[in-house]
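Student: I have a model open and would like to go through it with you, one question at a time. Could we start with a loop and work from there?

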Amino acid sequence: MSSIKIECVLPENCRCGESPVWEESSNSLLFVDIPAKKVCLWNSLTNQVQRVTVDAPVSSVALRQSGGYVATVGTKFCALNWEDQSVVVLATVDKDKKNNRFNDGKVDPAGRYFAGTMAEETAPAVLERHQGSLYSLFPDHHVKKYFDQVDISNGLDWSLDHKIFYYIDSLSYSVDAFDYNLQTGQISNRRSVYKLEKDEQIPDGMCIDTEGKLWVACYNGGRVIRLDPETGKRLQTVKLPVDKTTSCCFGGKDYSEMYVTCARDGMDSESLLRQPEAGGIFKITGLGVKGIAPYPYAG
Ligand SMILES: O=C(O)[C@H](O)[C@@H](O)[C@H](O)[C@H](O)CO
Ligand SMILES: [Zn+2]
């Protein structure tokens, strides 16, 4: 019997915490607060947090092979130098869509940085629809566009054999899969592998475990769910003491812990009193399953 323990390890009060990424070399969790325009690095050993503020909403961050990080800032793929806090633009997307910004992003097993866009929200999940697209930034800094008509581009990850790309467009309430060609970075054959139930609310960030099962953070659902993409069945539900759970990743020793981000924006004062840890970073232990190390951007 595994005994699951959930604790808020960092009361960060994020307006919209997102993009948790474990950095093994520093025993730290990287994450962003999108509307606060902050990239944060929490050291799990010292409990110290370093924060870098950028000039536009920052929706995702990833490791970079050559050092430092990459991040999606506004509609730009950027390189982030942590030492001097400098940001260098690598590529810009959606130049004709002034109200758009990037949302979730993650690096594929070949080192390409995938991220999708969305129209800026006027309130959580309230936005002009079909404005987003999915892109990837190749190691040579060229950008590939996969498709448009996206509402809220969100969670993404790859199967353990790298042959499937999993993707969430939140307002479809579906977790989708594509065949993936790791050599070329091409996707094809879109299908749904799981449709969310009403009380699970809005699918947001996602990660895979070493058994090839998917973990999806449910925005407004206050939970992460574990899905079997082969059978389309939900295997497990883990509830958190906050409603606006946005994303999850594995980290810690041997990637045996799960870290979950969440949001405060969109909560009324009564809910904030009931959920004082909203916007914090949560750690779940005792799941009995591990994750895999994040891939670094190769460019
Ligand atoms: O965390 C994210 O990915 C978005 O940027 C958020 O804004 C939520 O997903 C959205 O509000 C709920 O759908
Ligand atoms: Zn998200």
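Tutor: Happy to. Glutamine 85 sits in the loop between β8 and β9, and the model we are looking at is a predicted one.

Student: Is glutamine 85 buried, partly exposed or exposed?
Tutor: Buried means under 20% relative accessible area and exposed means over 50%, with partly exposed in between. Glutamine 85 has a relative accessible area of 45%, so its class is partly exposed.

Student: What is the phi of glutamine 85?
Tutor: This residue is not a glycine, yet its phi is positive. The value for glutamine 85 is about 60°.

Student: Where is aspartate 94, and is it buried or exposed?
Tutor: Aspartate 94 is placed in the loop between β9 and β10. Its phi is positive too, at about 50°, although aspartate 94 is not a glycine. The relative accessibility of aspartate 94 is 10%, and under 20% counts as buried, so the answer is buried.

Student: How confident is the predictor in the protein and the complex?
Tutor: For the protein, the average pLDDT is 98, and 100% of the residues score at least 70. For the complex, the predictor gives a pTM of 0.98 and an ipTM of 0.95.

Student: Which residues donate to the zinc ion (ligand 2), and at what distances?
Tutor: The protein donors are Glu18 through OE, Asp104 through OD, Asn154 through OD1 and Asp204 through OD. Along the chain they follow the spacing E-x85-D-x49-N-x49-D. Glutamate 18 in strand β2 (residues 17-23) and aspartate 204 in strand β18 (residues 202-208) link distant parts of the chain, 186 residues apart. The donors lie from the zinc ion at 1.9 to 2.6 Å.

Student: How many disulfides does the structure hold, and why?
Tutor: A disulfide needs two cysteine sulfur atoms within 2.5 Å. For cysteine 16, the nearest cysteine sulfur is that of cysteine 14, 8.3 Å away, so cysteine 16 is in no disulfide. Cysteine 40 is in none either, because its nearest cysteine sulfur, again that of cysteine 14, is 5.8 Å away. The count of disulfides for the structure is zero.

Student: Are cysteine 16 and cysteine 40 buried or exposed?
Tutor: Cysteine 16 has a relative accessible area of 18%, while cysteine 40 has a relative accessibility of 1%. The cut-off is under 20%, so cysteine 16 and cysteine 40 are both buried.

Student: Which residues are closest to the centre of the largest pocket?
Tutor: This pocket has a volume of about 370 Å³, and 25 residues line it. The lining divides into 13 nonpolar, five polar and seven charged residues. Closest to the centre are Cys16, Arg101, Glu121, Pro124 and Tyr219.

Student: Which element gives the largest share of that lining?
Tutor: Two elements, β10 (100-107) and β18, each give two or more residues to the lining of the largest pocket. The largest share is three residues, and it comes from β18.

Student: And which element gives the largest share of the lining of the second largest pocket?
Tutor: This pocket has a volume of about 150 Å³, and among its lining residues are Val54, Lys76 and Val87. β8 (76-81) and β9 (86-92) each supply at least two residues. The largest share, three residues, comes from β9.

Student: Which element gives the most to the lining of the largest cavity?
Tutor: A search of the whole structure finds one cavity of 30 Å³ or more, and the largest cavity has a volume of about 340 Å³. Its lining has 28 residues, with Pro20, Val21, Lys106, Cys249 and Pro294 closest to the centre. By class the lining holds 18 nonpolar, six polar and four charged residues. The element that gives the most, with five residues, is β2.

Student: How far apart in space are threonine 184 and arginine 101?
Tutor: Threonine 184 is in the loop between β16 (174-181) and β17 (186-195), and its relative accessible area of 36% makes it partly exposed. In sequence, threonine 184 and arginine 101 are 83 residues apart. In space, C-alpha to C-alpha, the separation is 26 Å.

Definitions and conventions. Residues are numbered from 1 along each chain as its sequence is written. Chains are lettered from A and ligands numbered from 1 in the order in which they are written. This is a predicted model: local features need pLDDT of at least 70, side-chain atom pairs count only at pLDDT 80 or more; totals for chains, interfaces and linings use all residues. Side-chain values use heavy atoms; hydrogens and water are left out. Buried means under 20% relative accessible area, exposed over 50%, partly exposed in between (1.4 Å probe, protein chains only). pLDDT is the predictor's confidence in each residue, from 0 to 100. Donors are N, O and S atoms within 2.8 Å of the metal (3.2 Å for Na, K and Ca); water is not among the atoms, so sites may look incomplete. Helices (H or I, at least four residues) and strands (E, at least two) are DSSP runs, numbered from the N terminus. On a 1 Å grid over the protein atoms alone, a cavity is a set of points where a 1.4 Å probe fits but cannot get out, and a pocket is an open set with protein on both sides within 12 Å along at least five of seven lines; lining residues have an atom within 4 Å of a point. Grid points are joined across faces, edges and corners, and a volume is the space filled by probe spheres set on the points. Ala, Val, Leu, Ile, Met, Phe, Trp, Tyr, Cys and Pro count as nonpolar, Asp, Glu, Lys and Arg as charged, and the others, Gly among them, as polar.
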